Amino acid sequence: PAIVPSTPVHRASNSPKHGNPLGKETMGSDVERDTTRIACLPPAKIQLPCDSPITQIACGLHHTVLLLQNGQVYSFGSNQYGQLGCGDIAPKSSIQLVKLPCSIVHIAAGSNHTVVLTGKGEVYTFGNYQKGQLGRIATASSPPDAQVGQSNSSKYRDPRWFATPGLIPNIGPKHGRRATWVGASGDQTFLKIDESLINSVSLAKSTVTANRNYIILLPNQLDNANSFRSLIINKREGNCNSFKSKNQVDFYNKTICMDSVYNILWTYNATNHDVTCYNIIASDLRTKSIIETSDKKLLSDIKMFSVANTTKDEIDLPGFNLSAVLSAELALPVVSNCHVTRLQAAINLLCCLDTLTIAHNLQMTAIKDDVDDRRLVAGKQFTREDFQYVNRFESHGGGWGYSGHSIEAIRFMADTDVLLGGFGLFGGRGEYTGKIKLLDIGPDGGEQENDGELLAETDEIPYECGPRQKYPMMFEDPVPLQAHRWYVAWSRISGPSSDCGSSGQTMVTTEDQVLFYFKSSKKSNNGTDVNAGQIPQLLYKVITAEIQPPRRQLDLSEPIHI
């Protein structure tokens, strides 16, 4: 029978082994090269040079990495590829402290390389680099014995660069891309990145323009243009949307200006000195591939275009230049109290009549908005953009479910006379159907809630919105609310579970110094209260001398959209 020795045995082959000082990959795997080495060691306690407890252990093929609670990293084992992070590939007989400039929160080990994550979201790597697993390359640097004033021609590549911990480029707070997790397996490295759309890098490489409702970031450098074509921030809600589809206009290398009077974008191309006008409405005009005219002629590939891009043959065809009325020369301002000459207004009116006639001859239908959000109060017309938002939640919660009898309700009061346009509702996870009501419960409704008087309600309205965004559901007409009088915001929602709010506030002061009070309502049976739930927003407008509440309901004829 074989005799099993009681002490560890290490047996090596007699064939000479040659080192690989530059870390170059040789034929065969590590397992094949090490089949002739056998080691049997009993478990033993590892002695560390400090008392901080170990929080994480990562193992490669032949090396081990330890993360301590104080943020230090220790390594031991094979150093053939510099995976111990000591700055060389010499064998190490003891545990090595990896010298890093900051505290580490997570570690990972591949076969022959190591990855560490800092608390700032930066990533350091070291070890085998042959398969690109370090995520970085050697950079030129001055030799250690360089003299002061020596020329840059003496720059060289450190042959042991891979054995020294180095940063993966373009990851970290200053780049707007923070790593939150690292992993490694074999010759691969994995990173989880949280990238912010707006950061110091994107701001420095973008043109910023704005109007009273939105802030727009447009890239002015090529590397930033590859990330997004335009980035829009809603000033009232704080929502941010990025657009980078192929249909989006590329504003790279152009000077941009928003025209708030005409609601358009002006661009200037310094290369060819072209000034271009982008009309938002013109981009939404619908086209038909084939249209039959009144005289039974078929027109193919009807498109909207400007006069500058029109050929002679297109001009000869009736009705082709349908978007001319929206050109800078013929358009009218979209804001009130803006004076224009009588000649300009008359030309615009004639163009509108001509456009309607051509559209009728081409059998083109009017474009209808999905939701008619126009309101008329005391002869003034409002859209949802005319209303301010009051948010009663400070943060977002988890999913909020619904049943066929779910009612969301909240009591509120303002210290100023306001017009209420509607409520903001959560969605974010599919298609929903909502119905809202407004109830008046009187000046004592804050102490004792009664059934109240119904002031306004809507029909069942389908809606959807993005994650953590709110859909503004509007009443048919704005409702005047008296100061220091309590009301109930009521809603019934059906659909999949939605986002919800948390950390609710009992008092909220808006930007225009209107103070809103909120209390829970007994009409709510689905959990919505002053602390969490639905109905995160109220859409309101302060009543001024120019805006007086209506004494009677006024009919608004359906508008024609060109």
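## Overall surface and composition

How much accessible surface does the chain have, and what share of it belongs to carbon and sulfur atoms? The total comes to about 32400 Å². Carbon and sulfur atoms hold 52% of that surface. These values come from a predicted model.

The chain has 562 residues, and 38% of them are buried. Its secondary structure comprises 6 helices and 38 strands. Among contacts with a separation of 6 or more, 64% join residues 24 or more positions apart.

## An open four-stranded sheet

Strands of a sheet pair through backbone hydrogen bonds, in a parallel or an antiparallel sense. Here, 4 strands line up in the order β7-β8-β9-β12. The sheet is open, and its pairing is antiparallel. β7 (104-109) and β12 (166-167) stand at the edges. Each has a single partner strand, so one side of each has no neighbour in the sheet.

The partner of β7 is examined next. β7 pairs with β8, residues 113-118, over 5 bridges in the antiparallel sense. Alanine 109 has threonine 114 in β8 as its bridge partner.

β13 covers residues 177-185, and β14 covers residues 188-195. The two strands pair in the antiparallel sense over 8 bridges. Alanine 184 stands opposite threonine 189 in β14.

Which residue of this hairpin takes a positive phi? Glycine 186 does, with a value near 60 degrees. The hairpin has 2 residues between its strands.

Is serine 491 buried or exposed? Its relative accessibility is 0%. The cut-off for buried is under 20% relative accessible area, so serine 491 counts as buried. Serine 491 lies in strand β34, which spans residues 486-494.

Leaving aside residues up to four places away in sequence, serine 491 touches Ser406, Ile407, Glu408, Leu425, Lys435, Ile436 and Ile535.

## A leucine patch on the surface

Leu349, Leu350, Leu353 and Leu356 make a nonpolar surface patch. Leucine 350 sits in helix α6, residues 342-361.

Why does leucine 350 count as exposed? Exposed means over 50% relative accessible area. Leucine 350 has 58%, and therefore it is exposed.

Conventions
Residues are numbered from 1 along each chain as its sequence is written. This is a predicted model: local features need pLDDT of at least 70, side-chain atom pairs count only at pLDDT 80 or more; totals for chains, interfaces and linings use all residues. Side-chain values use heavy atoms; hydrogens and water are left out. Two strands pair if DSSP finds at least two bridges between them. Patches are made of residues with over 30% relative accessible area and no salt bridge: like charges are joined within 9 Å, nonpolar side chains (Val, Leu, Ile, Met, Phe, Trp, Tyr) within 5 Å. Accessible areas come from the Shrake-Rupley method with a 1.4 Å probe; for residues, only the protein chains shown count as cover. A salt bridge is a side-chain nitrogen of Lys or Arg within 4 Å of a carboxyl oxygen of Asp or Glu. Buried means under 20% relative accessible area, exposed over 50%, partly exposed in between (1.4 Å probe, protein chains only). Contact means heavy atoms within 4.5 Å.
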